[in-house]
Amino acid sequence: MNGRQLRTRFKGVAVLAAGLLALTACGGGGDTAADKGAENGSGDKAAATTRSVKHDAGTTEKVPAQPKRIVSVSVTMTGHLLALDAPVIASQATPPSVITDKQGFFTQWSDAAAKNSVKVAYQGFEPDVEKVLALKPDLIIGASSGAENAEKFYDKLSVVAPTLLYRHDDVSWQDLTTRLGKDLGLEKRASEVVAAHEKRVGEVKAAITVPKQSAALVRDNQSAMTVFTPESAQGRLLTSLGFTVLEPPAGKGQTQGGRSDFAEFSQEKVADTAKDSSLLFVSHTPEEITAATARPVWKDLAAVKDKRVYDLGLDTFRLDYYSAGNLIDKIEKAFG
């Protein structure tokens, strides 16, 4: 081989190597959370196709930057997702009751679910992994608190699709909506939802007369009474409207699933703590409220005698954009 032929071969090898390097640079890691985006023809960077998301059960890689098929394994989280216009295709449902429609979706957002053709994924509190798999989600969203806590199913669900779990008991629904908006790439919509709510709060606060007494946020459980804390979603909303929310009785009450937004105490202890406070009942029918306040332990309280007992509506146990709006309407009607 003469010198000219040798130089030609070396030149060919160099061109081939350069080509391979270029292909590697374009194709390697383009669909990971660390992807910075490839250069396009205009010089701008294309958005990453996936992201890494830290949630309340860990950190999940390869979460779609723009999910197309979300399955909710938490009927509580579904309301937050629908308010964000997230692409929810199916949701866990609860057994039908007075707070749900006939298929087990909460009444405050069941119309939105129907409008978006959301299917029932399964009914019950434990995730049915096989039914979730059959729905072919590209993202699963659930709860890490409450009755539908899916943490012990997290590994199984993560095999089906990237899975994100969130606590919903120790944050306001606005904070949770903002967090979901950030994690799902729906920041603009989240800001719009929260802003619309805050505007409504301001309007109603200016239009109502708040009682001088504190407000006891309670839920009757026959043998005991649940008291919602000022830091609960309900407590925060009432505070934003100008109410002073009563602190729970002294001592440690019984909680459910590690929840920090409410605790259960004896009827007598709550009545003694409430004293002159107005009573605002969470998630009751009018008949249930009448029966509760007719008990000997309640009937002689100043709030009962002075008719300072208020019904906040059946859908106020779990606050999202929809039920928070309904609660504000109740407050406006009662105190306007």
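Before anything else, keep in mind that the model is predicted.

I'll start with the sheet. Five strands make it up, in the order β5-β4-β3-β6-β7, and the sheet is open, with parallel pairing. Its edges are β5, residues 119-123, and β7, residues 163-166, and each of these pairs on one side only. From one strand to the next, the twist averages 20°.

Now look at β3 and its partner β4, which covers residues 88-93. These two pair in the parallel sense over 3 bridges. Across from S72 you will find S91, in β4.

Next, the helices. α2 packs on the sheet and touches β3, β4, β6 and β7. The direction of α2 makes about 150° with that of β4. Then there is α6, residues 173-184, which lies across β3, β6 and β7 and runs at about 165° to β7.

So much for the surroundings. Where is S74 placed? It sits in the loop between β3, residues 70-72, and α2, residues 75-83.

Is S74 buried or exposed? S74 counts as buried, because its relative accessibility is 0%, and the cut-off for buried is under 20%.

What does the side chain of S74 reach? It reaches the backbone nitrogen of M77, at 3.1 Å.

Finally, the contacts. If we set aside neighbours within four places in sequence, S74 is in contact with S91, Q92, I141, G142, A143 and E148.

Methods: Residues numbered from 1 in each chain as written. Predicted model: local features only at pLDDT ≥ 70, side-chain atom pairs only at ≥ 80, totals over all residues. Heavy atoms only, no water. Helix = DSSP H or I, 4+ residues; strand = E, 2+ residues; numbered from the N terminus. Buried < 20%, exposed > 50% of the residue type's maximum accessible area, 1.4 Å probe, protein only. Polar contact = N/O pair within 3.5 Å; in protein donor to acceptor, adjacent residues only side chain to side chain. Contact = heavy atoms within 4.5 Å. Pairing = 2+ DSSP bridges. Axes fitted to C-alpha atoms, helices over the stretch in contact; angles between N-to-C directions.
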